[in-house]
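Let's take a walk through this protein together, starting from one residue and then stepping back to the whole fold. Please have a look at the model below before reading on.

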Amino acid sequence: MLAILAAIYAADVAMNRDNVPRGTAVGGVDIGGMSHDEAVATLERELGDQANTPVQIAAGELHSQVVPAQAGLGIDWDATVSQSGEESLNPVTRLRGLFSTNEVDIVPVVDDAALQPELDRVAAELSTQPVDGSLAINAGKVEIQDPVLGQGVNRDELTERVSIGWLDPAGVSVEPTEVEPAINSDVLKEAADGPAATAVAGPLTVNGHEDVVAEIPTERIGEFVAFINDKGTIRPEVNTEVAQSILEEPLAASEVEMVNASYNSDGSVNPSSNGTQVNWEETMKDFQRRVLGDADRTWDAAYEDAEATFTTEMAEAATYDQVVGEFTTGGYSEASGQNIALTAAAVNGAVVGPGETFSLNGYTGPRGTAQGYVESGIIIDGHAGEAVGGGISQFATTLYNASYFAGMTDIAHTPHSYYISRYPAGREATVYEGAIDLAFRNDSNHPVRIETSVGGGNVTVRLMGTKTVEVESINGGRWDETQPEPRELSGSDCIPSGGNPGFTTSDTRIVRDLSGNEISRETQTTIYDPQPIVTCK
């Protein structure tokens, strides 16, 4: 029996000498037992087109693919068969080849210049960025957003596995590597157990005068405490201004308001009085340490005197014999003149003390038929119309210019939507009760009194007081002209118009002291819409 087996073995060795070992496969193609040349021919025939077939590449749950031919990948068939070796003389190994398959890697041909850009793309598709954890305070509780691990691939391993394994029917698989986020669980725990826990340890309480207590409850601490991810650390940030705004309202009850001197209609003086106010800079000095550190979370508010800026003595000594600023306009209709006269009479004699703001709407109050106002021209929806109180914008323009040349600080003014030729371009204002106001602040050290006069088709406004500045107005010309468009309107209130172009202009106000030294220079730009060509049907 042994002699028979020996004869079979000898015959097998003789017949398969130098052949590819049994069970050998390349790219799923069995070449075992073939001669070298036969194996090369078989592989070329069966796998020659595989370089144009997309190859799947996996790293964990992520996938990508390449087309080998486009990635500069090919196969050295001769070398691939050679590396598979020759049939072993070991009878056990020869027998095992009859029942098992040994998939061998190819010997690649690589165009590195074409391969590397493709692998750049593949590496990116097989990678995910880590997500930093984060921490916040919400409703007085510390909330943690867990970090998320990222994924990467080893570039050398990717290059090797794709280059030699792309023909494997199972595709190419590389082991992903974990990418730790900068803000990981350890960093989060340190912040949560440290400054975050301290921040929500309890309310913050400020004791004021007159038994007034202001408290920031724990539930509101998240409104002004944030935790910022910063270069691998979590940095607590306290917005003291927001915290102060929470405390201001309740502590206002502990303050005594300062009252400036004012005038009665008969010229007598209402005396001034000093007040007391919270010194917020001192009160909030150690606030961050109270929130995040070891300073007391209950403390006393600091106070300071709030002195009147326009005292009784100043009011009694004030003089109103110098024209600080004045302006005159004209050309209004009879109905507008009636409304202008009513407004001028209401404003005449008003005194604006140092630091005070004058609001035209606030000072006159309602301007309706009950107050004697009548219908007159206004601008509505971009065209001329009529409404009760029309014409008051002319008074507003006159007052605006008087305050402009008096060096008052512009608080609120709104130009007309299109240019009206009786006003200076870029230096005029409209008003509308409850919506559009004219307001200015007296930032000088002297009070001013508003004096008005109406007659002869003109309205004049003067600000009287102590003159301390000279004001120059420089118009910047007109540019970007826009042409009017036709508009057909109906109704008894329709007013036809030939239209006018729109344009852009600017005005520069230069304020100098009486010695000629420049104090300020400000430029405002105004865009006027074209006045439409209105026909009435």
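Is Asp480 buried or exposed? With a relative accessible area of 54%, Asp480 is exposed, where exposed means over 50%, buried under 20% and partly exposed in between (1.4 Å probe, protein chains only). Asp480 sits in strand E31, residues 469-482, and has a positive phi near 55° although the residue is not glycine.

A word on the ground rules. This is a predicted model, in which local features need pLDDT of at least 70 and side-chain atom pairs count only at pLDDT 80 or more, while totals for chains, interfaces and linings use all residues. Residues are numbered from 1 along each chain as its sequence is written, and side-chain values use heavy atoms, with hydrogens and water left out.

Now step back to the whole chain. The protein has 14 helices and 35 strands; these are DSSP runs numbered from the N terminus, with helices (H or I) of at least four residues and strands (E) of at least two. Its radius of gyration is 44 Å, whereas a compact globule of 537 residues would have one near 24 Å; the radius is taken over C-alpha atoms, and the globule rule is 2.2 Å times the number of residues to the power 0.38. Along the principal axes, the C-alpha atoms fill a box of roughly 145 × 70 × 50 Å. Buried residues make up 41% of the 537.

Let's go inside. A nonpolar core here is a set of buried Ala, Val, Leu, Ile, Met, Phe, Trp, Tyr and Cys residues joined through side-chain atoms within 4.5 Å. The largest such core has 34 residues, and Ile216, Phe224, Val225, Leu251, Phe287 and Val291 touch the most other members. Among the elements that each supply at least two residues of this core are strand E8 (134-138), helix H7 (185-199) and helix H8 (240-251). H7 gives the most, with six residues. Apart from this core lies another, of 33 residues, including Met34, Val40, Val81 and Leu158.

Ala139 has a positive phi of about 55° without being a glycine, and is partly exposed at 48% relative accessible area.

Finally, visit Thr343 in helix H12, residues 334-347. Thr343 counts as buried because its relative accessibility is 0%. Leaving aside residues up to four places away in sequence, Thr343 touches Leu360, Thr364, Arg367, Tyr373, Ile392 and Phe395, a contact being heavy atoms within 4.5 Å.
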